[in-house]
Amino acid sequence: MDKLTHYRNTIQETIKKYYEMSNYQRANTTETTITNSVASSVGDHLILDEQRDQYLWLRCGWDAKKRVQHIILYLQIQNGKIWVEEDSTNLAVVDDLLAAGIPKTDIILGFHHPSKRAFTEFAIA
C-alpha cells in the first residue's frame, strides 16, 4: 500500500471510529428537546472527500432559536502530509495517527500558528 492510500485509510478509519462512538453516546441521551415550544435538533455530519483529501466531522442544526455550527474534527492531506486543522475532541487523534505508523514529520498541527509549530515535535509545513 502506498503512503497516500495508507494516510487516507488511517484518517477515514479513525474519524469514523470517533463519529460512531459519539453517535452511540448521543443516541443513549436525549437528542431532541423542546424549549419554549420550539424543537431543538442538532446533528453530526461526516464528510470524507477522498478526491480533495478533506476529512471533516461537524455538528450543525438549531438549538431552539440559536444556530449551531461547530467543527469537531478536520483533517486534510496536502503535499503528502496530514494537516490536523481542528480537533475539538478529547480523543487525541494525533496519537492514533502515530500508532498507525504515520511519522511526526508527516503530521502538521495546522491549528497552531506557523510561528509556533517549530516548538512542537511535529512538522512545520
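Predicted model: local features only at pLDDT ≥ 70, side-chain atom pairs only at ≥ 80, totals over all residues.

How many bridges join strand β3 to strand β4? The number is 10, and the two strands run antiparallel.

**Strands β3 and β4**
- Strand β3 covers residues 54-63, and strand β4 covers residues 66-78.
- Across this pairing, Trp62 has Arg67 of β4 standing opposite.
- The two strands form a hairpin, with 2 residues between them.
- In the turn of this hairpin, Ala64 has a positive phi of about 60°.

**Strands β4 and β5**
- Strand β4 also pairs with strand β5, which spans residues 81-87.
- This pairing is antiparallel and comprises 6 bridges.
- Within β5, Val84 is the bridge partner of Leu75.
- The hairpin of β4 and β5 likewise has 2 residues between the strands, and Asn79 adopts a positive phi near 50°.

**Thr10 in helix α1**
- Thr10 belongs to helix α1, which runs over residues 3-27.
- Is Thr10 buried or exposed? Thr10 counts as buried because its relative accessible area is 7%, and the cut-off for buried is under 20%.
- The side chain of Thr10 reaches the backbone oxygen of His6 at 2.8 Å.
- Leaving aside residues up to four places away in sequence, Thr10 touches Leu97, Ala100 and Ile102.

Methods: Residues numbered from 1 in each chain as written. Heavy atoms only, no water. Pairing = 2+ DSSP bridges. Helix = DSSP H or I, 4+ residues; strand = E, 2+ residues; numbered from the N terminus. Buried < 20%, exposed > 50% of the residue type's maximum accessible area, 1.4 Å probe, protein only. Polar contact = N/O pair within 3.5 Å; in protein donor to acceptor, adjacent residues only side chain to side chain. Contact = heavy atoms within 4.5 Å.
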